[in-house]
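Biologist: I'd like to go through this model with you. Can you put it up?

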Amino acid sequence: KRSYKYINCPTMLMYGNNDEITYLKHLRYIHRKVKKTNYFEVDFYNNANHVFIMSTKIDKTPYYNDMIRFINWNA
């Protein structure tokens with residue numbers, strides 16, 4: 001938690017709506033702490049859990065496309 005104040009670059013959070021570990025209140029907390037960034041984005045994904053990006057059972061193309069878009073937009 002103490003490290004958030006050192007983030008000063010564009011930041012993207014990816015949140016699965018079925019996340020059983022991280023709650024929306026955590027996203028709001030992080031957003032408040034990382035408010036110094038040039039750009040802050042939170043993307044929500046339906047039917048995704050906490051480790052959705054690591055799942056071998058789903059198509060990760062939408063997630064990767066969002067990451068590439070974010071990187072290119074902030075390059």
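Biologist: What does the accessible surface of the protein chain come to?
Modeller: About 5,800 Å², and 54% of that belongs to carbon and sulfur atoms. Areas come from the Shrake-Rupley method with a 1.4 Å probe; for residues, only the protein chains shown count as cover.

Biologist: What are the ground rules here?
Modeller: This is a predicted model: local features need pLDDT of at least 70, side-chain atom pairs count only at pLDDT 80 or more, and totals for chains, interfaces and linings use all residues. Residues are numbered from 1 along each chain as its sequence is written, and side-chain values use heavy atoms, leaving out hydrogens and water.

Biologist: Which order do the elements run in?
Modeller: From the N terminus on, β-α-β-α. The protein chain has two helices and two strands. Those are DSSP runs, numbered from the N terminus: helices are H or I with at least four residues, strands E with at least two.

Biologist: How many salt bridges?
Modeller: The count comes to two. The rule is a side-chain nitrogen of Lys or Arg within 4 Å of a carboxyl oxygen of Asp or Glu.

Biologist: Where do Glu-41 and Arg-69 sit?
Modeller: Glu-41 is in strand β2 (residues 40-45) and Arg-69 in helix α2 (residues 61-73).

Biologist: Is Asp-43 buried or exposed?
Modeller: Asp-43 is buried, at 13% relative accessibility. Glu-41 is buried too, with a relative accessible area of 8%. Arg-69 counts as partly exposed at 36%. Buried means under 20% relative accessible area, exposed over 50%, partly exposed in between (1.4 Å probe, protein chains only).

Biologist: What percentage of the protein chain counts as buried?
Modeller: 28% of its 75 residues.

Biologist: Switching to contacts: what share join residues at least 24 apart?
Modeller: 72%, among contacts between residues at least 6 apart in sequence. Contact means heavy atoms within 4.5 Å.

Biologist: Last topic, charges. How many positive and negative side chains?
Modeller: 12 positive and 6 negative, with the centres of the two sets 15 Å apart. Lys and Arg count as positive, Asp and Glu as negative; His and the chain ends are not counted. Each charge is placed at NZ of Lys, CZ of Arg, CG of Asp or CD of Glu.
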